[in-house]
Amino acid sequence: MIRANLNDMIDRAEDPEKMIKQVILDMENQYLQVKTQVAVSIGGISTCWRRSGRENEDTGNDWMRKAERAVDKSED
């Protein structure tokens, strides 16, 4: 009876090597997910900076035209 109980406990015990391999696989999967999210975030920041730069350039061009008109009208 004791031998049967011990064998049953051994059968139910998890293999430490398998557990470690699974933990490593899970960590690698999480690493890839984090890496992907960082790439997406960097792409979003880059797009935002480009858009902001274009908006600032457009604003600067508008003010330049206004200044040129004011100079043409001698209102500078």
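The structure holds 0 aromatic pairs, a pair being rings of Phe, Tyr and Trp (its six-membered ring) with centres within 6.5 Å. This is a predicted model, in which local features need pLDDT of at least 70 and side-chain atom pairs count only at pLDDT 80 or more, while totals for chains, interfaces and linings use all residues. Residues are numbered from 1 along each chain as its sequence is written, and side-chain values use heavy atoms, leaving out hydrogens and water.

Let us turn to W63. K66 lies over the face of this residue, 4.5 Å from the ring centre; a charge sits over a ring if NZ of Lys or CZ of Arg is within 6 Å of the ring centre and within 35 degrees of the ring normal.

Next come the salt bridges. The whole structure has 2 of them, each a side-chain nitrogen of Lys or Arg within 4 Å of a carboxyl oxygen of Asp or Glu. One joins K21 to E17, at 3.4 Å from N to O. These two residues are 4 apart in helix α2 (residues 16-72), so about one helical turn separates them. Helices are DSSP runs (H or I, at least four residues), numbered from the N terminus.

R65 and D62 also form a salt bridge, with their closest N and O atoms 2.2 Å apart. Both lie in helix α2, 3 residues apart, about one turn of the helix. R65 is partly exposed at 40% relative accessibility, and D62 is partly exposed at 35% (buried means under 20% relative accessible area, exposed over 50%, partly exposed in between, with a 1.4 Å probe and protein chains only).

Finally, look at helix α1 (residues 2-12), where L6 has its place. L6 is partly exposed, at 45% relative accessibility.

Technical notes: Phe/Tyr/Trp six-rings, centres within 6.5 Å; stacked < 30°, edge-to-face > 60°.
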